[in-house]
Amino acid sequence: MTSERELIEKSRNGDAEAFSRLVSRYEDRIYRLAQHVCSGLPSDADDVYQETFLTAFKKLKGFRQDADLGTWLYRIASNLCFMRYRRKKREPFVPLLDRPHDHDDERDAPRGPQYRDPEPTPEEAARKSELTAAVSDALARLPVDYRLVVVLRDVEGLSAERTAKVLKLSVAAVKSRLHRGRLFLRDEFRRSFDANPPRGSGISKP
Amino acid sequence: MKELEKLSCRRRVALLCDYLDGELPAASRRLVAAHRRSCLPCAQVLASLERTVRALKGLRGDAKPPAASRRTLKTALARAARPRR
């Protein structure tokens, strides 16, 4: 198996075949990020996926050999998502403020198993997809600055340090946006499950 | 929890994130866990945030770019490579 470094070197010299092999290593992650950040706009996820790799191919000469390719690709994709969102929605940065006291909720659901996989019945699979749709809908309502942090951390599983590098933020800022984003989503999930309670008992609301 | 009250808001948020993400050093983790056992409101907030994080992790499943989109990218890459040869 050719090393990533060799593939990068060949790609720098315009070898599209070598670059396609790099694409296949990273495309699922980049597409998933684009899907969840540009949710509700399916053609945008496709465009961001294509533009990310095309931009990377064209700018590979400027990529530092000692840097991490995945982090660099996530950065390009995040910037593209962000710019498209700002352009289309004219969405201003909306700071999500902490509430004075976050202990005021007595309606908390009892703790329970989230999923009973690995072998879900068809009914459980349907409920799981219901939950997935509800989570995606709630994410779409989260301001994009926060959505990027939440998707990189909780969906993509990047560390706080790597997320900070991708978004060029401080680690403290990543943690702050992550916390506020999670609180917002928790409340959105509750609202949506209170309006449409999931059928059956396999999955507890978040 | 006196130790928590002494922290600035920013450090408290960082501590909470690290706790939820399992990244707290053992001593601090024990401190939060002990507080959680004795404070129902805090326990409820933590439980609700844990469920939120689990729900988000549920989105981690497979994501494949559509075949048509992959073909378009391949063509665009070949076109971008041509003038450089």
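This is a predicted model: local features need pLDDT of at least 70, side-chain atom pairs count only at pLDDT 80 or more; totals for chains, interfaces and linings use all residues.

Residues are numbered from 1 along each chain as its sequence is written, chains are lettered from A and ligands numbered from 1 in the order in which they are written, and side-chain values use heavy atoms, with hydrogens and water left out.

**Entry 1: the interface**

I looked up the salt bridges between chain B and chain A and found six. Over all chains, the structure holds 19.

Next I checked contact, meaning heavy atoms within 4.5 Å. On this count, 46 residues of chain B touch 59 residues of chain A. The two chains bury about 4400 Å² between them, with 58% of it on carbon and sulfur atoms; buried area here is the accessible area (1.4 Å probe) that two parts lose on being put together, summed over both.

I then turned to polar contacts, which are pairs of N or O atoms within 3.5 Å; within protein, one must be able to donate a hydrogen and the other to accept it, and residues adjacent in sequence count only if both atoms are side-chain atoms. Between chain B and chain A I noted 11 residue pairs in polar contact, both at pLDDT 80 or more.

Which helices of chain B each supply at least two residues of the side that touches chain A? They are α2 (9-20), α4 (40-57) and α5 (67-81), where helices are DSSP runs (H or I, at least four residues) numbered from the N terminus. The most comes from α4(B), with 15 residues. By class, I read 24 nonpolar, seven polar and 15 charged residues on this side of chain B. For the classes, Ala, Val, Leu, Ile, Met, Phe, Trp, Tyr, Cys and Pro are nonpolar, Asp, Glu, Lys and Arg are charged, and the others, Gly among them, are polar.

**Entry 2: around Arg153(A)**

I followed Asp21(B) to its salt bridge with Arg153(A), where the closest N and O atoms are 2.7 Å apart. The pair crosses between chains, from the loop between α2 and α3 (26-38) of chain B to helix α6 (residues 144-155) of chain A. Arg153(A) also meets Glu23(B) in a salt bridge, at 3.8 Å from N to O.

Is Arg153(A) buried or exposed? I have it as buried, at 7% relative accessibility, whereas Asp21(B) is partly exposed at 22%. My cut-offs are under 20% relative accessible area for buried, over 50% for exposed and partly exposed in between (1.4 Å probe, protein chains only).

**Entry 3: two pairs inside chain A**

Asp68(A) forms a salt bridge with Arg162(A), its closest N and O atoms being 3.1 Å apart. Asp68(A) lies in the loop between α3 (42-59) and α4 (69-89) and Arg162(A) in helix α7 (residues 160-167), so the pair ties together parts 94 residues apart in sequence.

I also noted Arg64(A) with Asp66(A), at 3.0 Å between the closest N and O atoms of their salt bridge. Arg64(A) is exposed at 54% relative accessible area, and Asp66(A) is exposed at 59%.

How values were computed: A salt bridge is a side-chain nitrogen of Lys or Arg within 4 Å of a carboxyl oxygen of Asp or Glu.
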